[in-house]
Amino acid sequence: MGHNAKGALLALLSFALYSAHDVVVKLLGAVYSPFQIVFFSVLFSFPLVSLMLIRDTTPGHLRPIHPWWTALRTVSAVITGLCAFYAFSVLPLAQTYAIIFAQPLLITVLAIPILGEQVRLRRWIAVLVGLAGVIVVLRPGATELTLGHAAALVAACCGSLSSIVVRKIGHEERSVVLLLYPMMTNVVLMACALPFVYQPMPIEHLGGVGVMAVLALIASFVLIGAYRAGEAVIVAPMQYSQLIWATLYGALIFDEWPDEMTLAGAMLIIGSGVYIVLREGRGKASENTPVLRTRTRFETGTSLRIGPLLRAIRRREKTVQKSTQ
């Protein structure tokens, strides 16, 4: 099997696991507030993440080098997690994914003021086509727009901002800083909100939260394997396979069937996103490749983010190579 084929298959497996994670979010969201789900999700993830962070031998401290950018990213990640969990709880899975899939388009736009990226006509056309797809999914005026739709849009916007900030500061900040700050902030803020929304959770529901943490962790490591095996330009578009899983899970578990307009809008969004990825993968089409460099699943601040781990692994490999030469 070729490297790209292996990378693509691993990515498909990873995003299938992430989709199963979101199914559990939706099941729990029918009973509990997103504040409570996020709190326990982070709480269950901390031991697993801590085991990974113990292995970080990079010298340094936990004070961020860029405190304001780190604070902006942390707030964005926390809002993304809360809004995404709420959207999955109240909207059909396929519709939520379709809206959140607008992230590569928004990253492309945000890269202009934050990274100084130059976006030429073809990518601008792709962005406009994708945003038209979002409008097709939402159908303002034809359907009632709810708080869930607004939450999905905010998750897409804040997730894009969080990703682009990582692209700006990730080469200087320690991986442990980028991983821990959103998780710690989530614990503190959700704990403050918990007394107002808390409902007792039976053991099977707590087990569901544990399953979420394990699924997210396994999916992260499988996705790391995918990016180490194949080229990013091949692996990155595999995230759109979540729409297939969303349709399947939605039909089998929640009796949700996406209508023609949702599917049509999703195809516009996916098509434009894939085009942007392919354009960035070409030599001189993009100076910063912001979408390919922030090519993972949207960040919720509740589990591992693979970008910092990938960079840490590559730095370690380079160090080993230099020491053996």
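Modeller: Six aromatic pairs are found in the structure, which is a predicted model. One of them joins Phe39 and Phe40. A pair of aromatic rings is described by the distance of the centres and the angle of the planes. For Phe39 and Phe40 the centres are 5.2 Å apart and the planes stand at 85 degrees, an edge-to-face arrangement; the label applies because that angle is over 60 degrees. Both Phe39 and Phe40 are buried.

Elsewhere, Phe88, Tyr97, Phe101 and Tyr240 make up one aromatic cluster. Two members of that cluster, Phe88 and Phe101, are also among the residues with the most contacts inside the largest nonpolar core. That core has 76 residues, and Leu28, Ile164, Met212 and Leu223 are likewise listed for the most contacts within it. Helix H1, residues 3–29, contributes the most to the core, with nine residues.

An aromatic ring also takes part in a contact with a charge: the charged end of Lys26 sits over the ring of Phe254, at 5.3 Å from the ring centre.

Helix H1 also contains Ser14. Ser14 has a relative accessible area of 0%, so this residue counts as buried. Leaving aside residues up to four places away in sequence, Ser14 touches Ala219, Val222 and Leu223. Ser14 and Gln239 are 225 residues apart along the chain, yet their C-alpha atoms are separated by 8.7 Å.

Another serine, Ser33, lies in the loop between H1 and helix H2, which spans 34–53. The relative accessible area of Ser33 is 15%, so Ser33 is buried too. Its side chain reaches the backbone nitrogen of Phe35 at 3.1 Å.

The cysteines complete the picture. A disulfide is a covalent bond between the sulfur atoms of two cysteines. A search of the whole structure finds zero of them. Cys83 is in no disulfide, and its nearest cysteine sulfur belongs to Cys158, 6.4 Å away. Cys158 is in no disulfide either, with the sulfur of Cys83 as its nearest.

Methods: Residues numbered from 1 in each chain as written. Predicted model: local features only at pLDDT ≥ 70, side-chain atom pairs only at ≥ 80, totals over all residues. Heavy atoms only, no water. Core = buried A, V, L, I, M, F, W, Y, C linked by side-chain atoms within 4.5 Å. Buried < 20%, exposed > 50% of the residue type's maximum accessible area, 1.4 Å probe, protein only. Helix = DSSP H or I, 4+ residues; strand = E, 2+ residues; numbered from the N terminus. Polar contact = N/O pair within 3.5 Å; in protein donor to acceptor, adjacent residues only side chain to side chain. Phe/Tyr/Trp six-rings, centres within 6.5 Å; stacked < 30°, edge-to-face > 60°. Lys NZ or Arg CZ within 6 Å of the ring centre and 35° of its normal. Disulfide = S-S within 2.5 Å. Contact = heavy atoms within 4.5 Å.
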